[in-house]
Amino acid sequence: MKIDDIYNQRRKRWNSLIKSRRESGGGRHECNSCKESFSYAELSDNLWICPQCGNYIAMPAMERIKSICDEDSFKEIYGNMTTSNPLDFPDYDNKLHINQVKTGQLDALIGGSAKIGGNSVIIAVLDSRFLMGSMGTVVGEKLARFADYAGKKKLPLIVFSASGGARMQEGLFSLMQMAATSGAVQSFKDNGGLFISCLTNPTTGGVSASFASLGDIMIAEPGALICFAGPRVIKQTIGQTLPEGFQHAEFLLEHGMLDMIVDRKDMRERLSDLIRLHVRK
Ligand SMILES: [Zn+2]
């Protein structure tokens, strides 16, 4: 079977998955704040913001792309990359399979070319539902390739992060992705590329400590947890009480680590404005 056939088959499966989830109600999704549950369609129509309490629920990557990009403008690239089990980590193959079926994706990062407000961009989105959006070899390699591709095409690079950090099942190979992605993003920027990094809840560990923090423009969603080690680990290590709101988007904005916090409902328009201001005609 040709690689294109595999790819087309997967896209069809993904589209029918989304369609059937919408039509069948897609199960109930519980808001982790108010504990109320909602159907897939209800959440999808409300940008995965809890209709009852306003809590931001983790967005599937394709839903994020749909909410940001101009209609039908997204074309996935490097969509066939899938990881092996380089360390022979117990149960990893099985976990990958379960996550692939659950999300309809081969790994945690999907991306490609698209238009936002009529301007062409390269966009990549981490899906926290896939092994906590962790960065293994495929996520790292794809991110680096998106940066290279955006550089060659002279397009802005927009990345939405949501991640638990490096993928422990790939050990050192995951840690190497921190250097690989940082290097790729830096050379993209050195050549005049615009990199907009959008941090969503949670962006932690090796992702926050590499490409996600290297944006020319750093944006976060309200209330997002953004850190390397989590507050509980730090508290246990230093034995001190941490400041109120520590490591959340608002705290980081106040301390100069972010440029802006943007509500999910305004994200498309804000990105569109930023791209329009920076794009070279
Ligand atoms: Zn809620």
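Reader: Which residues of helix 10 are buried?

Author: This is a predicted model. In helix 10, the buried residues are Met267, Leu271, Leu274 and Ile275.

Reader: What makes Leu274 count as buried?

Author: The cut-off for buried is 20 or more other C-beta atoms within 10 Å. Leu274 has 22 C-beta neighbours inside 10 Å, so Leu274 counts as buried. Leaving aside residues up to four places away in sequence, Leu274 touches Ile196 and Ile217. Leu274 and Ile196 are 78 residues apart along the chain, yet their C-alpha atoms are separated by 8.9 Å.

Reader: How do you know that the buried residues of helix 10 are on the same side?

Author: Take the buried residues again: Met267, Leu271, Leu274 and Ile275. They cover an arc of only 95 degrees around the axis, which puts them on the same side of helix 10. Glu269 and Leu277 are exposed on the other side.

Reader: What covers the buried residues of helix 10?

Author: The cover includes helix 3, strand 4 (109–116) and strand 5 (119–126). It also includes strand 6 (157–163), strand 7 and strand 8 (217–220).

Reader: How does the reach of helix 10 compare with the span expected at 1.5 Å a residue?

Author: Helix 10 runs over residues 267–278 and has 12 residues. The expected span is 16 Å. From first C-alpha to last, helix 10 reaches 17 Å, close to that value.

Reader: What makes one face of helix 3 the buried one?

Author: Start with the list. Ala61, Met62, Arg64, Ile65 and Ile68 are the buried residues of helix 3. Seen down the axis, they fall within an arc of 155 degrees, so they line one face of helix 3.

Reader: Why are strand 3 and strand 9 called edge strands?

Author: The open sheet has seven strands in the order 3-4-5-6-7-8-9, with mixed pairing. Strand 3 (75–76) and strand 9 (260–261) each pair on one side only. Those two are the edge strands.

Reader: How do you know that strand 6 and strand 7 pair?

Author: Pairing needs at least two bridges. Strand 6 and strand 7 have six bridges, in the parallel sense. Ser163 stands opposite Thr203 in strand 7.

Reader: Where is there a cis peptide bond?

Author: The bond from Asn201 to Pro202 is cis, and its omega is near -10 degrees. Pro202 belongs to strand 7, residues 195–203.

Reader: Is Trp48 buried or exposed?

Author: Buried needs 20 or more other C-beta atoms within 10 Å. Trp48 has 22, so Trp48 is buried.

Reader: What about Gln247: what is its phi, and where does it lie?

Author: Gln247 is not a glycine, and its phi is positive, near 70 degrees. Gln247 lies in the loop between helix 8 (231–238) and helix 9 (249–254). Gln247 has 21 other C-beta atoms within 10 Å, so Gln247 is buried.

Reader: Why is Ile57 called partly exposed?

Author: Exposed means 12 or fewer neighbours, and buried means 20 or more. Ile57 has 17 C-beta neighbours inside 10 Å, so Ile57 counts as partly exposed. Ile57 is in the loop between helix 2 and helix 3. Not counting residues up to four places away in sequence, Ile57 touches His29, Cys31, Leu43, Trp48 and Cys50.

Reader: How is the protein chain divided into domains?

Author: Domain 1 covers 1–57, and domain 2 covers 64–278. The C-alpha centres of domain 1 and domain 2 lie 20 Å apart. The protein chain has 10 helices and nine strands.

Reader: How does the radius of gyration of the protein chain agree with that of a compact globule?

Author: A compact globule of 281 residues would have a radius of gyration near 19 Å. The protein chain has 18 Å, so the two agree. Along the principal axes, the C-alpha atoms fill a box of roughly 60 × 45 × 40 Å.

Reader: How much of the protein chain is buried?

Author: Buried residues make up 40% of the 281 residues. Now take the contacts between residues at least 6 apart in sequence. Of these, 67% join residues at least 24 apart.

Technical notes
Residues are numbered from 1 along each chain as its sequence is written. This is a predicted model: local features need pLDDT of at least 70, side-chain atom pairs count only at pLDDT 80 or more; totals for chains, interfaces and linings use all residues. Helices (H or I, at least four residues) and strands (E, at least two) are DSSP runs, numbered from the N terminus. Domain bounds come from an automatic or database domain assignment. The radius of gyration is taken over C-alpha atoms; the globule rule is 2.2 Å times the number of residues to the power 0.38. Two residues are in contact if their C-beta atoms, placed from the backbone, lie within 7 Å. The expected span of a helix is 1.5 Å times one less than its number of residues. The arc is that of the directions from the helix axis to the C-beta atoms.
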